[in-house]
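Here is a short tour to read alongside the sequence and the model. Take a look at the fold before going on to the details.

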Amino acid sequence: MARAELPVFSHKELIQACLNTSLEDATRSGLATYREPFSKDLVGKCFHFTLDDNIRYCLRFPSVHELEWQENGQEFHSEYCECLASSVKPVYGIHFFRRHVLPYEGAFVVLDLETGCITWVRMCFSSDTYEKDVVALPHFGRMEGDWPTEGELHHFSNEYVGTIIDWQYSPDFTIRHSYI
């Protein structure tokens, strides 16, 4: 069996690739054929929250694919975003890149508008042993405003261990997750 060789980039090459990428490139989603349309539910809304690392954020949604975010009261950054809504309850997943960091950090934010809980997963390059690793760093917090101020935050869990979940994106495309 032939082994696939993947390109290996240096930290400097990754930064240059980020600098050469246009915002229009970010609008092309590989799984677009298999997902629901992006949600417009958050357009015009603004959320403030603090995560477990004591960083305070503000997220604003001027349009369906535009996110403006602020960290600890500093300047706002504008990013292309993709927002998907849960079909079960008011939970939204927002994906975007933090382009003020080089190389870019990926971010996936889960807003639970029922409980006011938030999970922010930062996906960034590097680790102590290998600078080309991608590390996912989850942070948990609670939104400010008219949400409950007590109760359990999002957290790590093993409740799915031993289960299998099929995620059906369309009649001909399903992904199976086996939690072992």
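## A question to begin with

Which residue in strand 3 does Arg 60 stand opposite? Its counterpart there is Glu 68.

## The overall picture

Please note that this is a predicted model. The protein contains 2 helices and 10 strands, and reading from the N terminus the elements follow the pattern α-α-β-β-β-β-β-β-β-β-β-β. Of these strands, 8 close into a barrel, in the order 1-2-3-4-5-6-7-8 and with antiparallel pairing. From one strand to the next, the twist averages 30°.

The protein has 180 residues, and 29% of them count as buried. Its accessible surface comes to about 11800 Å², with 54% of that belonging to carbon and sulfur atoms. Among contacts with a separation of 6 or more, 36% are between residues 24 or more positions apart.

Let us start with strand 1, residues 46–51, which runs antiparallel to strand 2, residues 56–63, and is joined to it by 5 bridges. Within this pair, Phe 47 has Leu 59 of strand 2 opposite it. The hairpin made by the two strands has 4 residues between them, and Asn 54 in this hairpin takes a positive phi near 65°.

Strand 2 in turn is joined by 5 bridges to strand 3, residues 66–71, again in an antiparallel arrangement. These two strands also form a hairpin, here with 2 residues between them. Moving on, 5 bridges connect strand 3 to strand 4, and this pair is antiparallel as well. Here Glu 68 comes back into view: its bridge partner in strand 4 is Ser 78, while Arg 60 stands opposite Glu 68 in the pairing of strand 2 with strand 3.

Gln 70 and Glu 71 deserve a visit. Gln 70 is found in strand 3, and its relative accessible area is 16%, so it counts as buried. A polar atom of the Gln 70 side chain lies 2.7 Å from the backbone oxygen of Gln 74. Leaving aside residues up to four places away in sequence, Gln 70 touches Arg 56, Tyr 57, Cys 58, Glu 75 and Phe 76.

Why does Glu 71 count as buried? Its relative accessibility is 18%, and the cut-off is under 20%. Glu 71 is found in strand 3, and its side chain makes a polar contact of 3.2 Å with the side chain of Tyr 57. Apart from residues up to four places away in sequence, Glu 71 touches Ile 55, Arg 56, Tyr 57 and Arg 98.

In soluble globular proteins, nonpolar side chains tend to be buried together. In this model, the largest nonpolar core has 21 residues, and Ile 94, Phe 96 and Trp 120 touch the most other members. The elements that give two or more residues to this core are strand 1, strand 2, strand 3, strand 4 (76–85), strand 5 (91–98), strand 6 (105–112) and strand 7 (117–125).

Which residues does Ile 94 touch, not counting those up to four places away in sequence? They are Leu 42, Phe 61, Cys 81, Glu 82, Cys 83, Ala 107, Phe 108, Val 109 and Leu 111.

Definitions and conventions: Residues numbered from 1 in each chain as written. Predicted model: local features only at pLDDT ≥ 70, side-chain atom pairs only at ≥ 80, totals over all residues. Heavy atoms only, no water. Pairing = 2+ DSSP bridges. Buried < 20%, exposed > 50% of the residue type's maximum accessible area, 1.4 Å probe, protein only. Polar contact = N/O pair within 3.5 Å; in protein donor to acceptor, adjacent residues only side chain to side chain. Contact = heavy atoms within 4.5 Å. Core = buried A, V, L, I, M, F, W, Y, C linked by side-chain atoms within 4.5 Å. Areas by Shrake-Rupley, 256 points an atom, 1.4 Å probe, with all protein chains shown as cover. Axes fitted to C-alpha atoms, helices over the stretch in contact; angles between N-to-C directions.
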